[in-house]
Amino acid sequence: MPQSFHTIPIHLVWSTKHRLPHIEPEIEIELYKYMASIFREYDSPALIINGSADHVHILSMLSRTVTLAKLIEEVKKSSSKWIKTKGDQYKNFYWQTGYAALGVGQYHIDNAKRYISNQKEHHRRWTFKKEYIDLLNKYSIKYDKRYIWD
């Protein structure tokens, strides 16, 4: 076959360090736009980015030439540096080291977009901890309870 084709939608989730509520409404949209620009730069366009004060969800189409680890490293590093330029209240902003990367089938993109777009409503009823553990369980990801949250 003379051409290579791929479509790899991926749902990414990560939190602020110690899950501190640093993503304030005043900066949220601008942060998400900045993050989207980094995803584009790495040929992995973000279809939607949303979250709450202590974490983000991203649905991205993974590049065939950039590793997932490199993509996440660059988005976290660049967005952390960027947000620190937005005022003294962000000088201690950091992302948590870990993340969840969840494969989304091509036929489930609309469901994932709906889920991500409803984050504010979702977190009126459930904590991020419950959501995160539920996602790991839904995707049958094995984890050690001693290290998953603390």
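## Close-up views of the predicted model

**View 1. Histidine 18 is placed in the loop between E1 and H1.** Helices (H or I, at least four residues) and strands (E, at least two) are DSSP runs, numbered from the N terminus. The structure is a predicted model, in which local features need pLDDT of at least 70 and side-chain atom pairs count only at pLDDT 80 or more, whereas totals for chains, interfaces and linings use all residues. Residues are numbered from 1 along each chain as its sequence is written, and side-chain values use heavy atoms, with hydrogens and water left out. The phi angle of histidine 18 is near 60 degrees, a positive value in a residue other than glycine. Histidine 18 has a relative accessible area of 56% and is therefore exposed (exposed means over 50% relative accessible area, buried under 20% and partly exposed in between, with a 1.4 Å probe and protein chains only).

**View 2. Aspartate 43 belongs to the loop between H1 and strand E2 (46-52).** Although aspartate 43 is not a glycine, its phi is positive, at about 55 degrees. Its relative accessibility is 48%, so aspartate 43 counts as partly exposed.

**View 3. Valine 13 is a buried residue of strand E1.** The relative accessibility of valine 13 is 1%. Valine 56 lies 43 residues away along the chain, yet the C-alpha atoms of valine 13 and valine 56 are separated by 5.7 Å. When residues up to four places away in sequence are not counted, valine 13 touches His55, Val56, His57, Tyr99, Ala100, Phe128, Tyr132 and Leu135 (contact means heavy atoms within 4.5 Å).

View 4. With 37% relative accessibility, histidine 6 counts as partly exposed. Neighbours within four places in sequence being left aside, histidine 6 is in contact with Leu62, Ser63 and Arg64. For arginine 64, which is 58 residues from histidine 6 along the chain, the separation between the two C-alpha atoms is 7.1 Å.

**View 5. Helix H1 (residues 25-41) packs with helix H2 (residues 68-84).** The angle between them is about 140 degrees, and their axes are 10 Å apart (axes are lines fitted to C-alpha atoms, for helices over the stretch in contact, and angles run from 0 to 180 degrees between N-to-C directions). H1 and H2 are therefore oblique to each other (angles under 35 degrees count as roughly parallel, over 145 as roughly antiparallel, 65 to 115 as roughly perpendicular and the rest as oblique). H1 contributes Ile27, Glu30, Leu31, Tyr34, Met35, Ile38 and Phe39 to the contact, and H2 contributes Leu71, Glu74, Val75, Ser78, Ser79, Trp82 and Ile83. By class, this contact of H1 with H2 comprises 10 nonpolar, 2 polar and 2 charged residues (Ala, Val, Leu, Ile, Met, Phe, Trp, Tyr, Cys and Pro count as nonpolar, Asp, Glu, Lys and Arg as charged, and the others, Gly among them, as polar).

**View 6. Buried residues of H2 pack against strand E1 (9-15), H1 and strand E3 (55-61).** The buried residues of H2 are Leu71, Ile72, Glu74, Val75, Lys76, Ser78, Ser79, Ser80, Trp82 and Ile83. At 1.5 Å a residue, the 17 residues of H2 should span 24 Å, which agrees with the 24 Å between its end C-alpha atoms (the expected span is 1.5 Å times one less than the number of residues). Glutamate 73 also lies in helix H2, but its relative accessible area is 44%, so glutamate 73 is partly exposed. Threonine 97 is 24 residues from glutamate 73 in sequence and 9.3 Å from it in space, C-alpha to C-alpha.

**View 7. Arginine 114 is located in helix H3 (residues 109-117).** Arginine 114 is partly exposed, its relative accessible area being 47%. Valine 104 is 10 residues from arginine 114 along the chain, and their C-alpha atoms are 13 Å apart.
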